[in-house]
Amino acid sequence: MNKTILKMHNVTKYIFDSYGHALRGTTVKILENVEFDVKESEVHVLIGENGAGKSTLMKIIGGIIPLDGGSMSLDGKEISFSGPRESLHHGIGFIHQELNLCLNLDVAENIFLGRESGNKIFINKSEMYDLSRDMLLKLGFDIDPHTLVRDLSTAQQQIIEIVKVLSYNCRIIIMDEPTASLTKSEIDKLFTIIKDLRKRGISIIYISHRFEELKEIGDRITILRDGRYIGTVDIKDFDYDEIINMMVGRKLGAMFQSKHIPTQQTILEVKDLLISSHTEPISINVKRGEVVGMSGLVGAGRTELAKSIFGSRPYYGGTITYDNEDIGHLHPSTLISKGLVYLSEDRKLEGLVLDMSIASNITLASLKRMFPFTRIKRSKEHEVAKKSVEQLNIVSNSLDQLCNTLSGGNQQKVVLAKWLLTAPKLLILDEPTRGIDVNAKSEIYKIIDTLASQGVGILMISSELPEIIGMSDRIYVMRGGSISAELTDKKDFVQEKILSYTLS
Ligand SMILES: Nc1ncnc2c1ncn2[C@@H]1O[C@H](COP(=O)(O)OP(=O)(O)OP(=O)(O)O)[C@@H](O)[C@H]1O
Ligand SMILES: [Mg+2]
């Protein structure tokens with residue numbers, strides 16, 4: 001048996017202020033008597049529902065916040081970190097759930113931030129770019145180190161974050177949902193990297209909501225529920241139902257029930273749309289009450305297409321008809337008022353006002369509708385928000401909690417709640433369940449089904465094939481900026497078939 005290097009015992013954490021210190025007088029615990037340990041050369045998977053406390057536990061290991069009770073030891077010696085640098089100094093690297101990059105710096109500057117080219121006093125710029133390019137290529141990614149991080153896709157940004165932490169030669173690497181925005185081929189590359197790290201004696205703490213991943217790379221799984229330690233099991237004893245039971249506290253019903261029946265009335269008709277000057281024209285349609293899946297790899301143009309329809313990105317030709325009206329070039333706010341809504345894949349940049357409360361965020365896009373003639377009434381706002389919070393099971397301490405203190409998955413649910421409240425007729429969902437736990441996923445699927453059965457048209461962009469297959473009435477596949485297939489027969493809704501159209 002490999003030896004234990006990191007051990008957390010009886011760890012307790014109260015809700016805390018922006019410095020990580022427990023709020024005065026609070027008795028609300030985010031973590032309570034949690035046990036966790038990491039062995040040499042293992043991939044230790046940490047799972048639990050959104051808000052279970054996974055990221056909080058990792059922030060303690062990463063030196064970002066202190067623990068309020070219990071102990072942490074490294075190599076048998078009790079230890080506490082005064083900040084992230086000290087944790088890093090002890091060989092612990094942290095790939096954060098919410099990316100931590102400087103958008104206005106380029107790739108190499110981000111990778112070397114704070115330690116520009118080794119220990120030399122002067123920054124040797126060209127060396128920094130060469131090293132970055134080498135590191136990226138060695139890991140199988142061809143990204144120009146001069147590119148500004150802001151110009152990269154979310155997936156590429158995630159890769160930069162991973163490469164940055166790997167470059168520190170740590171002995172323990174925390175990966176908090178590293179694959180949330182990666183697609184199959186990038187995930188495969190990451191797994192090759194992880195397996196190689198493990199072979200070299202490095203340990204990985206791995207957080208993910210994707211079960212199929214856990215079996216592939218995990219050695220042990222620890223389960224948290226409501227901030228409490230439920231247990232640790234060996235991956236070889238993995239039993240799906242039992243793990244779900246430990247995680248959620250009960251058995252889950254069938255994930256996909258899709259009972260809705262699409263109508264023949266078209267709500268969205270896109271004809272010969274050019275999303276860039278060098279791509280082929282795109283034609284798609286969505287009927288009322290229909291769930292249309294949009295599959296494809298990152299970079300296939302799915303988000304660009306969605307943004308062009310939503311009026312938040314220019315396009316180069318073609319027509320968009322929504323609800324029998326030509327909506328080409330209308331502004332997103334006009335479209336929202338007409339019931340066309342786009343739930344962006346990037347909740348942090350486009351979906352949420354992080355330093356506003358849950359209640360304000362949920363009602364934000366519906367204020368005009370809710371208070372056409374009067375000032376905003378907080379009590380009404382709370383009443384409406386409370387319903388959404390219950391419906392989507394958003395885990396929070398109060399409706400006034402600021403969104404930047406919510407767990408990642410719960411932030412995503414707030415974005416969804418916000419758009420659902422606008423009573424849409426056409427909902428474009430971009431990766432709607434990214435970072436969402438199994439239980440909440442099945443809730444979101446139920447909501448999508450209900451909306452569809454009420455006649456709402458749904459265009460669902462997703463990189464998760466089971467979700468595309470389980471939810472869709474019809475599937476489009478995109479590749480290289482154009483539609484490579486339209487699947488209408490459910491017999492064709494199989495992973496291999498869809499994948500074959502996504503790859504060139
Ligand atoms: N500063 C804070 N103030 C109040 N509550 C907080 C604070 N930080 C975290 N929480 C709460 O602690 C709980 C645990 O959050 P955490 O981010 O650890 O969850 P998680 O397991 O990582 O979830 P996810 O899967 O959604 O990422 C959440 O309910 C969150 O609202
Ligand atoms: Mg988290």
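Glu431 is buried, with a relative accessible area of 7%; buried here means under 20%, exposed means over 50%, and partly exposed lies in between (1.4 Å probe, protein chains only). Its side chain meets that of Arg302 in a salt bridge, 3.7 Å from N to O. The term salt bridge stands for a side-chain nitrogen of Lys or Arg within 4 Å of a carboxyl oxygen of Asp or Glu.

Before going further, please keep in mind that this is a predicted model, in which local features need pLDDT of at least 70, side-chain atom pairs count only at pLDDT 80 or more, and totals for chains, interfaces and linings use all residues. Residues are numbered from 1 along each chain as its sequence is written, chains are lettered from A and ligands numbered from 1 in the order in which they are written, and side-chain values use heavy atoms, leaving out hydrogens and water.

**Salt bridges**

- The structure contains 25 salt bridges, and a few of them are described here.
- In the pair of Glu431 and Arg302, the side chains come to 3.7 Å, N to O. Glu431 sits in the loop between β17 (426-430) and α16 (438-453), while Arg302 belongs to helix α9 (residues 302-309), so the pair ties together parts that are 129 residues apart in sequence. Helices (H or I, at least four residues) and strands (E, at least two) are DSSP runs, numbered from the N terminus.
- Arg302 is buried as well, at 7% relative accessibility.
- Asp234 and Lys236 form another salt bridge through their side chains, at 2.6 Å from N to O. Here Asp234 is partly exposed at 24% relative accessibility, whereas Lys236 is exposed, with a relative accessible area of 68%.
- Lys446 and Glu443 also meet in a salt bridge, 3.6 Å from N to O. These residues are three apart in helix α16, which means that about one helical turn separates Lys446 from Glu443.
- Arg210, Glu213, Lys441 and Glu464 are joined into one network by salt bridges that share partners.

**Aromatic pairs**

- There are four aromatic pairs. Rings of Phe, Tyr and Trp (its six-membered ring) pair if their centres lie within 6.5 Å; planes under 30 degrees apart count as stacked, over 60 as edge-to-face and the rest as tilted.
- Phe211 and Tyr240 make an edge-to-face pair, with 5.3 Å from centre to centre and 75° between the planes. Phe211 is in helix α7 (residues 211-217) and Tyr240 in helix α8 (residues 240-248), so distant parts of the chain, 29 residues apart, are linked by this pair.
- Phe211 is buried at 10% relative accessibility, and Tyr240 is partly exposed, with a relative accessible area of 39%.
- Phe256 and Tyr445 form a tilted pair, because their ring centres are 4.9 Å apart and their planes stand at 35°. Phe256 lies in the loop between α8 and β11 (266-273) and Tyr445 in helix α16, so this pair ties together parts 189 residues apart in sequence.
- Tyr445 is buried at 2% relative accessibility, while Phe256 is partly exposed, with a relative accessible area of 29%.

**The magnesium ion (ligand 2)**

- Ser55 (OG) and Gln97 (OE1) are the protein donors of the magnesium ion, lying 2.0 to 2.3 Å from it. Donors are N, O and S atoms within 2.8 Å of the metal (3.2 Å for Na, K and Ca); water is not among the atoms, so sites may look incomplete.
- Ser55 is in helix α1 (residues 54-61) and Gln97 in the loop between β6 (92-95) and α3 (107-111); this pair links distant parts of the chain, 42 residues apart.

**Ligand 1**

- Around ligand 1 there are 23 residues, of which Gly51, Lys54, Thr56, Ser407 and Gly409 come nearest. A residue counts as near if one of its heavy atoms lies within 4 Å.
- Helices α1 and α15 (408-420) each supply at least two residues of the shell around ligand 1.
- A polar side-chain atom of Thr56 lies 2.5 Å from an oxygen atom of ligand 1.
- The side chain of Asn50 has an N or O atom 3.0 Å from an oxygen atom of ligand 1.
- A polar side-chain atom of Asn397 lies 3.2 Å from a nitrogen atom of ligand 1.
- On its own, ligand 1 has 650 Å² of accessible area, and the protein covers 93% of it. Accessible areas come from the Shrake-Rupley method with a 1.4 Å probe; for residues, only the protein chains shown count as cover.

Key. Polar contact = N/O pair within 3.5 Å; in protein donor to acceptor, adjacent residues only side chain to side chain.
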